[in-house]
Amino acid sequence: MGVPVPVDVVAFDPVLEAGTKSTLFACPEVSLTAPGGAPRVVVMTVDQVGRPELDVLRTVRDTPARPDVVLVAGELAPDGALHAIAAGARGLLRRREADVTRLSRAVLAASRGDCTLPPDLLDRLLERSGAGGRAAGGGADPWAAAGLSDRERSVLRLVADGHETNEIAKQLCYSPRTVTSVVHDITQRFRLRNRAHAVAYALRVGLL
């Protein structure tokens with residue numbers, strides 16, 4: 001195991017802050033920063049995703065340490081998810097799902113520059129973008145219009161869920177080299193910087 005990822009917690013409610021810190025204490029891969037420290041990831045815990053929460057998220061991202069943010073929300077709708085990602089969130093979790101395993105996975109993914117979303121929320125975004133694409137394009141599949149194959153779509157969805165290369169390869173019965181190649185092809189084709197940028201781009205243009 002490598003050096004633990006330094007993490008800070010931001011919350012409007014001190015009870016939520018204490019609960020989030022308690023969960024993170026159980027994650028051996030992370031360490032809570034001391035006051036005034038420079039976290040690599042900030043876990044922001046909120047009740048809902050509205051303008052005040054998004055303003056705080058942007059403020060956290062603009063601090064000198066430029067930490068990545070994992071947003072844990074009591075309520076998380078597709079519109080709020082898109083606004084949070086646009087504001088700079090790397091990971092999104094519902095509070096009821098933010099157990100030790102899922103929260104640590106989201107934090108570690110954010111520290112690597114990857115993006116995570118709850119699978120069902122990702123499905124809802126896919127359904128909505130598909131409906132929008134059919135309405136605008138007379139039944140056209142937005143994935144096909146973007147030149148993404150079923151294999152590329154499957155890989156990108158698992159990337160968005162925070163899975164690492166070996167996990168994706170196992171789930172899809174591909175070799176790790178194939179998964180790496182698929183991600184590389186997507187980032188090169190759309191001139192994207194990395195896996196997180198690929199997920200954010202797909203969400204922004206309605207592919208996810």
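Is Ala-89 buried or exposed? With a relative accessible area of 5%, Ala-89 is buried, where buried means under 20% relative accessible area, exposed over 50% and partly exposed in between, computed with a 1.4 Å probe on protein chains only. The structure described here is a predicted model, in which local features need a pLDDT of at least 70 and side-chain atom pairs count only at pLDDT 80 or more, while totals for chains, interfaces and linings use all residues. Residues are numbered from 1 along each chain as its sequence is written, and side-chain values use heavy atoms, with hydrogens and water left out.

Confidence is expressed as pLDDT, the predictor's confidence in each residue on a scale from 0 to 100. The protein averages a pLDDT of 81, and 80% of the residues score at least 70. Where pLDDT is low, the predicted coordinates should not be read in detail.

Five strands form an open sheet in the order S2-S1-S3-S4-S5, with parallel pairing; two strands are taken to pair if DSSP finds at least two bridges between them. At the edges lie strand S2 (30-32) and strand S5 (89-94), each of which pairs on one side only, and the twist averages 30 degrees from one strand to the next. Strand S1 (residues 5-11) pairs with S2 over three bridges in the parallel sense, and Val-5 stands opposite Val-30 in S2. Helix H1 (residues 14-25) packs on the sheet, where it touches S1, S2 and strand S3 (41-46), and its direction makes about 160 degrees with that of S1. Helix H4 (residues 100-111) lies across S1, S2, S3, strand S4 (68-73) and S5, running at about 155 degrees to S4. For these angles, axes are lines fitted to C-alpha atoms, for helices over the stretch in contact, and values run from 0 to 180 degrees between N-to-C directions.

The C-alpha atoms of Ala-89 and Val-70, 19 residues apart along the chain, are separated by 5.9 Å. Arg-94, also found in strand S5, is buried, with a relative accessible area of 4%; its contacts, leaving aside neighbours within four places in sequence, include Val-72, Pro-118, Asp-120 and Arg-124.

A nonpolar core is defined as a set of buried Ala, Val, Leu, Ile, Met, Phe, Trp, Tyr and Cys residues joined through side-chain atoms within 4.5 Å. The largest such core has 35 residues, of which Val-49, Leu-57, Leu-71, Ala-84, Leu-92 and Val-155 touch the most other members, and its largest share, five residues, comes from helix H7 (residues 150-160). Apart from this core lies another, of 16 residues, among them Val-7, Val-9, Val-72 and Leu-93.

With a disulfide taken as a pair of cysteine sulfur atoms within 2.5 Å, the count comes to zero. Cys-27 counts as buried at 1% relative accessibility, whereas Cys-173 is exposed, with a relative accessible area of 70%.

Definitions and conventions:
Helices (H or I, at least four residues) and strands (E, at least two) are DSSP runs, numbered from the N terminus. Contact means heavy atoms within 4.5 Å.
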